[in-house]
Amino acid sequence: MPPDPPLSVLGATALSVAACRATESARIDAWFHDELAQHVLAAAIAPPAVSRGLVRWVAVRTRFLDELVVEAVADGIRQVVIVGAGLDARAYRLALPRDLTVFEIDHAEVLALKQRLLDELELMSECRRRVAVADLVTDDWLPLLTDTGWVPAQPTVWVAEGLLVYLNHEERTQLLTQLSSASAIGSVLGATLSTRTDNLAHPLWHPAATADPEQWLAQCGWQATVQTMAEASAAFGRPIPPPFDTSTKGRLVRAVR
């Protein structure tokens with residue numbers, strides 16, 4: 001089999017996240033086990049080195065969004081859309097019902113790599129899974145999503161994990177407003193924000209500068225509550241030790257339409 005083509009700078013971030021999830025999966029007290037992420041390492045697809053802080057951040061946000069999805073599904077929502085899906089494996093990791101559909105949106109290069117890895121593992125999901133190839137900033141992607149079976153009139157769980165930091169303020173405001181406008185009442189949004197300003201050398205890094213993220217989200221059409229990474233990790237029973245507790249800049253968003 002020919003080697004996969006090199007991923008773009010944005011696409012390569014999916015490998016870093018997979019490395020973090022694989023690290024968490026190897027813990028005795030792991031919050032989740034991600035077989036796809038572990039296979040990325042076993043398949044010798046070399047991600048960039050990841051810091052302990054990034055591993056902690058990915059672990060916390062993954063558990064937070066896992067619980068958000070499971071709770072929304074228990075409340076009756078039957079469509080989950082993961083925007084900027086990367087190597088997300090929730091369709092396989094979570095015990096989702098057969099009558100639920102997980103939709104994943106990302107660039108072709110990422111989805112092609114993911115499909116190859118899924119085929120190698122022979123992973124099967126209990127729920128339905130559909131993919132849409134699109135750029136969330138430049139493409140008219142909502143019609144593409146509808147073509148795959150998404151029903152705008154029904155409530156949706158939107159998951160934007162690790163995505164918004166790669167959009168500038170105008171782009172992420174436009175995206176979240178677009179999601180709200182397209183959502184039926186009762187829809188749920190789970191998202192991550194970062195206020196880190198020590199990574200500005202990254203060509204795609206756009207930290208959230210808003211002083212009141214809940215007010216900003218309300219302007220985008222969402223009634224939201226926002227937690228810090230440290231607050232969520234402590235609530236999960238794993239307080240973040242110094243010096244990391246003073247430098248965690250992650251924010252976790254739970255919102256409803």
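Leaving aside neighbours within four places in sequence, which residues is Ser 180 in contact with? I will come back to that after some ground rules.

This is a predicted model, in which local features need pLDDT of at least 70 and side-chain atom pairs count only at pLDDT 80 or more, while totals for chains, interfaces and linings use all residues. Residues are numbered from 1 along each chain as its sequence is written, and side-chain values use heavy atoms, with hydrogens and water left out.

Now the overview. The chain has 9 helices and 7 strands; these are DSSP runs numbered from the N terminus, with helices being H or I of at least four residues and strands being E of at least two. Of the 257 residues in the chain, 49% are buried. Buried means under 20% relative accessible area, exposed means over 50%, and partly exposed is in between, with a 1.4 Å probe and protein chains only. Contact means heavy atoms within 4.5 Å. Among contacts between residues at least 6 apart in sequence, 75% join residues at least 24 apart.

Back to Ser 180. This residue sits in helix α7, residues 169-182, and counts as buried because its relative accessibility is 5%. Its contacts, leaving aside neighbours within four places in sequence, are Cys 220, Gly 221, Trp 222 and Arg 257.

Next, the cores. A nonpolar core is a set of buried Ala, Val, Leu, Ile, Met, Phe, Trp, Tyr and Cys residues joined through side-chain atoms within 4.5 Å. The largest one has 43 residues, and those with the most contacts inside it include Val 69, Leu 96 and Val 157. Several elements supply at least two residues each, among them α1 (9-25), α3 (52-74) and β4 (157-160). The largest share, 9 residues, comes from α3. Leu 96 touches Val 69, Val 73, Arg 90, Ala 91, Val 102, Glu 126 and Cys 127, not counting residues up to four places away in sequence. Apart from this core lies another, of 31 residues, including Ile 105 and Val 226.

Ile 77 is in the loop between α3 and β1. Is Ile 77 buried or exposed? Ile 77 is buried, with a relative accessible area of 8%. Ile 77 and Thr 156 are 79 residues apart in sequence, yet their C-alpha atoms are 6.4 Å apart in space. Thr 156 is one of the contacts of Ile 77 beyond four places in sequence, and others include Leu 100, Gly 186 and Val 188.

Now a helix pair. Helix α2 (residues 35-42) and helix α5 (residues 108-121) pack at an angle of about 95°, with their axes 10 Å apart. That makes α2 roughly perpendicular to α5. Axes are lines fitted to C-alpha atoms, for helices over the stretch in contact, and angles run from 0 to 180 degrees between N-to-C directions. Under 35 degrees counts as roughly parallel, over 145 as roughly antiparallel, 65 to 115 as roughly perpendicular, and the rest as oblique. On the α2 side, the contact is made by Glu 35, Leu 36, His 39 and Val 40.

Last, Arg 238, in the loop between α9 (229-235) and β7 (250-256). Arg 238 counts as buried, at 17% relative accessibility. Among its contacts beyond four places in sequence are Arg 27, Trp 31 and Ser 233. A polar atom of its side chain lies 3.2 Å from the backbone oxygen of Asp 29.

Conventions:
Polar contact = N/O pair within 3.5 Å; in protein donor to acceptor, adjacent residues only side chain to side chain.
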